[in-house]
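The exercises below are meant to be worked through with the sequence and the model side by side. Please try each task before reading its solution.

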Amino acid sequence: MKTPKGLRLHIGIFGRRNVGKSSLLNALAGQAVSIVSAQAGTTTDPVEKPMEFLPLGPVLFIDTAGMDDEGALGELRMAKTRQVFERTDVAILVTDGMWTAFEEKLLAELRDRKTPVIVVRNKSDLTNCDDPRRDREGALGVICDDNASLRSRLGLTTVATSAVTRVGLAELRMAILAAAPADFIDNPAIVSDLVGPGELAVLVVPIDKEAPKGRLILPQVQTIRDLLDGEAMTMVVKEHALSAAIERLKVLPKLVITDSQAFLKVAGDTPADVPLTSFSILFSRFKGDLLAQVRGALAIDTLRGGDRVLIAEACSHHPICEDIGRVKIPRWLTRHVGAPLMIEHVQGHDFPADLSPYKLVIHCGACMWNRREMLGRIARCQDAGIPITNYGLTIAYSLGIFERALGPFPAAREEYRRHIATRKEGGG
């Protein structure tokens, strides 16, 4: 139960109001996670339930408000539900047998995101096909399907369930297992593949005001665990102790990983023949698309005074003095550009619908998120033609150590070198 949310398979439950979404989640969880009522619209904000879902492992179920909600408040609820689309690895689309243009639209939105969809025909213990209802557009023509008909028409995995009698729950569990993306089951590495069994990685961990008292921050903890899982050795030091630590080693480390804020000092203290990168850059690969974010960092050279830059953080925290996103990155970026920039910030799942005003988006490492949500943000920026990069890449580029920081990633380093060669050929 202590597995971070970002490492869990996210399973979103969607559908009309009162089709039994919350009851279905309670039945799967074996406890009253969501409030259940005959009154439509009981679920307002998304309800999250982390659980161990064998044989798959740790997952996060997300119960959502009905997507046919009404009124101004209903629109706000549906907006919250659409945010869940962005982080859903597997979608469960719940019906009570009624299939209309509304369900078709919801299915299309999920398919557009290439999200695996399981259609659940809930309340299979009830006869509910004699209730002709209107869809949101007011058209009659409502189709009431049994499970076999749904499967035949949609070409999707469909399961008939009853949250009351628990019929079909075992079949639904197996359907979720089959729909889980391969990259989740394969459990991609953070860094162990770059180090190797029996090799040593030195982790440079500054302890400042932003470091949580008595513990390390999540990317550092996850990196240590990944190295141990890969049978690698780990040494953890503060930035001022790195030189002394390396001098005591009989064999140089395979990799040095630093907090991005200490990049300049660590780069100076790390032997030139030892690869160096940062936790943030590792998470650019682990949670997102490193090559895409390397290309995004190259756009820093196109920034001019007055340009708008969006800095996005996955987690919500109260910023303090010398905050990395609000103070340090704007300072380094402004110094590199040589003129003031218009810097804006968003936190959590908030993200502008219109990205066109921005010249660049800079994102944190998204350690609190699953990979799908980060990839979704990258895709949105690409669709809008707006470059996106991340904290560590921005810092390394602004400080002039970009190529050094890309040393462990040959494809990313070559992408940068091609950019430099092209710029020289063009006289830039």
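A disulfide is a pair of cysteine sulfur atoms within 2.5 Å. This is a predicted model, in which local features need pLDDT of at least 70 and side-chain atom pairs count only at pLDDT 80 or more, while totals for chains, interfaces and linings use all residues. Residues are numbered from 1 along each chain as its sequence is written, and side-chain values use heavy atoms, with hydrogens and water left out.

**Exercise 1. Cysteines**

Task: Find how many disulfides the protein has by this rule, and examine the sulfur of Cys-367.

Solution: By the rule above, the count of disulfides is zero. The closest cysteine sulfur to that of Cys-367 belongs to Cys-315 and lies 6.1 Å away, which is too far for a bond. Cys-367 itself is buried, with a relative accessible area of 16%, where buried means under 20% relative accessible area, exposed means over 50%, and partly exposed lies in between (1.4 Å probe, protein chains only). Cys-381 is buried as well, with a relative accessible area of 0%.

**Exercise 2. The overall picture**

Task: State how many helices and strands the protein has, and then describe its largest nonpolar core.

Solution: Helices (H or I, at least four residues) and strands (E, at least two) are DSSP runs numbered from the N terminus, and the protein has 17 helices and 16 strands. Of its 428 residues, 51% count as buried. A nonpolar core is a set of buried Ala, Val, Leu, Ile, Met, Phe, Trp, Tyr and Cys residues joined through side-chain atoms within 4.5 Å. The largest such core has 78 residues, and Phe-263 and Phe-402 are among those with the most contacts inside it. Apart from this core lies another of 27 residues, including Phe-61, Leu-172 and Ile-176. In soluble globular proteins, nonpolar side chains tend to be buried together.

**Exercise 3. Helix H1 and its cover**

Task: Work out how many of the nine residues of helix H1 (residues 21–29) are buried, and what covers them.

Solution: Eight of the nine residues are buried, so H1 is largely enclosed by the rest of the structure. Among the buried residues are Lys-21, Asn-26 and Leu-28. Their cover includes strand S1 (9–15), strand S2 (47–53), strand S3 (57–63), strand S4 (90–95), S6 and H5, with contact meaning heavy atoms within 4.5 Å. Just after H1, Gly-30 takes a positive phi of about 75°.

**Exercise 4. Thr-270 and Ser-278**

Task: Locate Thr-270 and Ser-278, and follow the side chain of each to a polar partner.

Solution: Thr-270 lies in the loop between helix H10 (263–269) and strand S12 (276–278), and it is buried, with a relative accessible area of 5%. Its side chain reaches the backbone oxygen of Val-266 at 2.7 Å. Leaving out residues up to four places away in sequence, Thr-270 touches Leu-242, Ile-246, Val-256, Leu-276 and Arg-404.

Ser-278 has its place in strand S12 and is buried, with a relative accessible area of 0%. The side chain of Ser-278 makes a polar contact with that of Ser-260 at 3.0 Å; a polar contact is a pair of N or O atoms within 3.5 Å, where, within protein, one must be able to donate a hydrogen and the other to accept it, and residues adjacent in sequence count only if both atoms are side-chain atoms. Ser-278 and Ser-260 are 18 residues apart in sequence and 5.5 Å apart in space, C-alpha to C-alpha.
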